[in-house]
Amino acid sequence: MEKGVICYLAQEEEEEEIEYDLQELKELLRNVDIETVATVVQRRLPDPHYLLGPGKITEVKELVEREKIQAVVFNRELSPRQVQALEDFFGPEVAVWDRTQVILEIFRRRAQSREGKIQVELARLTYLYPRLYGLGGTLSRLGGGVGTRGPGETKLEVLRRALRRRITELRRELEEVRASRDLLRRHRQRSGIPVVSLVGYTNAGKSTLLNALAGEGKEVLAEDRLFATLDPVSRRVILPSGRVFLLTDTVGFIKDLPPKLKEAFKATLEELETADLLLHVIDLTSPYLDEQQRAVESLLEELGLAEKPILKVYNKVDRYTGILPADGVVISALKKINLDQLLHQIEARLFPEEEMELFLPFTSLGKLEKWRERVRVVAEEYGSEGVKVTVRGRPEDLARLRVQVAGQ
Ligand SMILES: Nc1nc2c(ncn2[C@@H]2O[C@H](COP(=O)(O)OP(=O)(O)OP(=O)(O)O)[C@@H](O)[C@H]2O)c(=O)[nH]1
Ligand SMILES: [Mg+2]
């Protein structure tokens, strides 16, 4: 682990929000092997050179030297000029990061599939492009691969051109990958299997739930790290009734996702458009449960998905002792608690019940008995020759009932 200091520039933020942001940024940093040993908060207008004020940033530098800190991390996106100025200020031994860069680095480490890798590289290059002033530490730290060093106008121009070319190339590749995925998706739609997508804040337990529902031998990566999942993964899940649906995992959401990343991950989130049902997985034990829930909801809204049927799934009840929420389903994906109820709810939403009216002569009334488990009688109206019953159940059960019991 490297040592890092977080520099937080606050303006309107309340104390509570600052605390939340700091926690989250610390968590993000843990994912790139940086341990936060100090945080510095300043409330002021952004300084054009150093983001924080000159006095404050000097204090930070003293701290960095005293504590032998290797990384200085800012909560806001730095402009190209600020990166340059800060790198000059702290010297070559110290890495200067902003939040976007941290998230990019996490994504880079996690990307597995072809599509995920392309998306991440695109996002990195797009982030990097305007920052190609000189060639400070940023470029080499971000991996480069487009040249090694050498300031000077011409070299810079060459580099920019190379970058532009690479970006165009990657966009084309991404189109290809997407096209083949569309094909896959169309196959799926034709097969008529309903699709359920897991959404939720990072670390809520989506991948764990996917594993728990899909059964043995088909595990996807689940670990106690943010953004464990970068690529959508689908598994077949069998309902108690024997019906099947596809369950799709997605990358975890996060508050204030940098716009560039949002664009880069569009393909992942596009997957959600074809979902018949979204399972919004919520970590009951998170002290930021409300913020996280809101972050997910507003992102869904931005993506035009707010109208989709959504089932809230409150997870990690095994570690929770507070008041249980009144809506949704409460489960533990890890300890497999209440998963049957969850499946039941999924089934009810994917295959809604219908109502049917039947006329039964008194002599046939007994036949209804053996159907009690599959359909429910919701109304009865007695006449002189028989009963008019209203039953609820799944469409195919109702159809069979009509034939067998009533012969109608
Ligand atoms: N105690 C407890 N821990 C859980 C439960 N479900 C998941 N976890 C833990 O929470 C952590 C995150 O789980 P993941 O399934 O990777 O979370 P995720 O939502 O897929 O995270 P991202 O892929 O980063 O978005 C892991 O350490 C899991 O073991 C649960 O029901 N109870
Ligand atoms: Mg996951």
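**Helix packing and nonpolar cores**

1. In this predicted model, helix 4 and helix 5 pack at an angle of about 155°, and their axes are 9 Å apart. Angles over 145 degrees count as roughly antiparallel, and the two helices, helix 4 and helix 5, are therefore roughly antiparallel to each other. The crossing in which helix 4 passes helix 5 is left-handed.

2. On the side of helix 4, the contact is made by Thr100, Leu104, Phe107 and Arg108. Helix 5 contributes Val120, Ala123, Arg124 and Tyr127.

3. The largest nonpolar core has 41 residues, of which Cys7, Val72, Val73 and Val102 touch the most other members. Elements giving two or more residues to this core include strand 1 (2-10), strand 3 (71-74) and strand 4 (95-98). Among the helices that do so are helix 1 (15-30), helix 2 (54-67) and helix 3 (80-90), together with helix 4 (99-110) and helix 5 (114-128). Helix 5 supplies the largest share of this core, six residues.

4. Which residues are in contact with valine 102, leaving aside its neighbours within four places in sequence? They are Leu28, Leu29, Val32, Val73 and Trp97.

5. A second, separate core comprises 34 residues, among them Val199, Leu247, Phe253 and Val317. As general background, nonpolar side chains tend to be buried together in soluble globular proteins.

Methods:
Residues are numbered from 1 along each chain as its sequence is written. Chains are lettered from A and ligands numbered from 1 in the order in which they are written. This is a predicted model: local features need pLDDT of at least 70, side-chain atom pairs count only at pLDDT 80 or more; totals for chains, interfaces and linings use all residues. A nonpolar core is a set of buried Ala, Val, Leu, Ile, Met, Phe, Trp, Tyr and Cys residues joined through C-beta atoms within 7 Å. A residue is buried if 20 or more other C-beta atoms lie within 10 Å of its own, exposed if 12 or fewer, and partly exposed in between; C-beta atoms are placed from the backbone. Helices (H or I, at least four residues) and strands (E, at least two) are DSSP runs, numbered from the N terminus. Two residues are in contact if their C-beta atoms, placed from the backbone, lie within 7 Å. Axes are lines fitted to C-alpha atoms, for helices over the stretch in contact, and angles run from 0 to 180 degrees between N-to-C directions. Angles under 35 degrees count as roughly parallel, over 145 as roughly antiparallel, 65 to 115 as roughly perpendicular and the rest as oblique. A crossing is left-handed if the near helix is turned anticlockwise from the far one by less than a right angle, and right-handed if clockwise.
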